[in-house]
Amino acid sequence: MSQLQLREESDFDQLPDDIPISATIADIEEKKGFIDYFRFVVEVKTKGGGKYLIYRRYREFFSLHQTLENKYSPDDPERPGPNTCILPPLPGKIYIGNKKEIAEGRIPELNTYMKRLLGLPTWLLLDESLRMFFYQTEQDSNHEPRALRRLRPPTRKVKTVKSPKMDLFSSPRAEAMFDFRGNGQAELNLKRGEVIFLLRRVNADWLEGTVNNQTGIFPESFVKIIKPLPESDSESEGGAHTYSCLRCFLLTPSGVETRDVCVQEALTIQPTYNELLSRMRNVFKVDDIALNYRDPEGDLIRLLDDEDVQLMIREGRRLQHRVKRPVNQFPWELHVTMASDLSVYGSEP
């Protein structure tokens with residue numbers, strides 16, 4: 001019986017979706033500076049199905065344990081009170097030895113500690129100190145993960161599936177959030193921003209997919225799922241985010257670059273001018289740009305403010321019946337030019 005089944009279902013159901021329910025150490029990373037030390041890379045899973053990485057030192061585990069002990073440990077372990085509980089033992093401090101070996105040796109003990117800690121009564125999971133320890137800070141989210149050795153499946157057992165012809169809008173796919181260098185031929189090399197078409201799930205933490213005509217496996221922690229695999233838990237539970245595609249063109253005298261930008265919004269969302277400008281600068285990696293749309297005659301109309309954006313969206317919806325688009329693609333398109341270029345380009349690309 002799992003630790004979740006042991007809890008009172010009514011109590012557990014009332015917990016917020018962002019409450020951590022399990023945590024596993026994926027790797028250790030050395031931090032060099034005035035004092036060298038190792039951090040534990042912890043994969044946290046939440047009640048609502050979320051999954052993310054946090055980076056914690058042993059002393060942060062120790063500080064959390066002391067705080068919880070002061071709050072909840074009973075004076076008499078044989079007779080705990082209503083607002084007390086017996087905390088799991090935390091591995092003690094080690095003052096002498098190789099730092100890397102000490103950190104590696106603590107992994108099984110810390111995994112057991114976190115498993116037991118998150119299996120305690122539901123009211124303790126709401127403790128602010130515990131929630132902040134497992135909370136993904138901005139620094140955590142901006143940190144680029146590395147090997148995640150302990151989440152790696154045995155790659156020698158992975159059977160490569162020949163990738164089928166992919167349809168951009170109907171196939172399960174993900175976007176790489178970080179660069180990833182595969183360890184061996186069975187693993188993909190990913191670059192941030194690339195779209196990977198998903199083939200199957202290898203285990204709870206790794207997926208198999210194809211990108212740039214290469215097929216292999218990669219860690220799910222390095223990507224953002226755009227459309228999950230059919231057997232994905234998030235899809236079956238209805239918890240997956242809805243993504244729409246915005247087709248964009250970067251027009252320059254040397255040619256046209258087309259991008260389908262995945263947007264975590266519904267097709268009915270109306271962005272502001274500044275939101276669109278910021279997103280396009282990030283997509284095309286160019287700052288000195290202007291936004292435009294094509295009118296029914298094929299001429300470029302420059303966008304200057306929110307009212308122009310509203311006009312573009314209305315025109316796109318009015319013409320929607322004349323142009324067949326995938327069901328998850330916005331009815332309007334965005335044409336990006338250099339801000340200094342006032343010329344009108346020719347027919348639609």
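Contact here means heavy atoms within 4.5 Å. The exercises below use a predicted model.

**Exercise 1. Which residues of H2 are buried, and what do they pack against?**

Step 1. Check the helix itself. H2 has 15 residues, which should span 21 Å at 1.5 Å a residue. Its end C-alpha atoms are 21 Å apart, so the two values agree.

Step 2. List the buried residues. They are Tyr58, Phe61, Leu64, His65, Leu68 and Tyr72. Around the axis of H2 they cover an arc of only 120 degrees, which puts them on the same side of the helix.

Step 3. Look at the spacing. An α-helix has 3.6 residues a turn, so residues three or four places apart point the same way.

Step 4. Turn to the other face. Arg59 and Asn70 are exposed there, away from the buried side of H2.

Step 5. Find the partners. The buried residues of H2 pack against strands E2 and E3, and against helices H3, H4 (122-125) and H5 (128-134).

**Exercise 2. What is the strand order in the open sheet of 3 strands, and which helix packs on the sheet, touching E1 and E2?**

Step 1. Read the order. It is E1-E2-E3, with antiparallel pairing.

Step 2. Find the edges. E1 (20-31) and E3 (51-56) each have a single partner strand, so one side of each lacks a neighbour in the sheet. From one strand to the next, the twist averages 25 degrees.

Step 3. Inspect one pair. E2 (residues 37-46) is joined to E3 by 6 bridges, in the antiparallel sense. Phe40 has Arg56 in E3 as its bridge partner.

Step 4. H2 (residues 58-72) lies across E2 and E3, at about 95 degrees to E3. H3 (residues 99-117) packs on the sheet and touches E1 and E2. The direction of H3 makes about 175 degrees with that of E1.

**Exercise 3. Is Asp140 buried or exposed, and which side chains make polar contacts with its side chain?**

Step 1. Locate the residue. Asp140 sits in helix H6 (residues 138-142).

Step 2. Apply the cut-off. Buried means under 20% relative accessible area. Asp140 has 5%, so it is buried.

Step 3. Name the polar contacts. The Asp140 side chain makes one with the side chain of Arg56, at 3.1 Å. It makes another with the side chain of Thr137, at 3.1 Å.

Step 4. Widen the view. Leaving out residues up to four places away in sequence, Asp140 touches Leu53, Ile54, Tyr55, Arg56 and Tyr135.

**Exercise 4. Which strands stand at the edges of the open sheet of 5 strands?**

Step 1. Write down the order. It is E7-E6-E5-E4-E8, with antiparallel pairing.

Step 2. Read off the ends. E7 (214-219) and E8 (223-227) stand at the edges, each with a single partner strand, so one side of each has no neighbour in the sheet. The twist averages 40 degrees from one strand to the next.

Step 3. Look inside. E4 (residues 173-176) and E5 (residues 195-201) run antiparallel, joined by 3 bridges. Ala174 stands opposite Ile196 in E5.

**Exercise 5. Where do the buried residues of H8 fall around its axis?**

Step 1. Check the length. H8 (residues 273-284) has 12 residues and reaches 17 Å from its first C-alpha to its last, close to the 16 Å expected.

Step 2. List the buried residues. They are Tyr273, Leu276, Leu277, Met280, Val283 and Phe284.

Step 3. Look down the axis. These residues fall within an arc of 130 degrees, so they line one face of H8.

Step 4. Step past the end. Lys285 follows H8, and its phi is positive, near 55 degrees.

Technical notes
Residues numbered from 1 in each chain as written. Predicted model: local features only at pLDDT ≥ 70, side-chain atom pairs only at ≥ 80, totals over all residues. Heavy atoms only, no water. Pairing = 2+ DSSP bridges. Helix = DSSP H or I, 4+ residues; strand = E, 2+ residues; numbered from the N terminus. Axes fitted to C-alpha atoms, helices over the stretch in contact; angles between N-to-C directions. Expected span 1.5 Å × (residues − 1). Buried < 20%, exposed > 50% of the residue type's maximum accessible area, 1.4 Å probe, protein only. Arc of directions from axis to C-beta. Polar contact = N/O pair within 3.5 Å; in protein donor to acceptor, adjacent residues only side chain to side chain.
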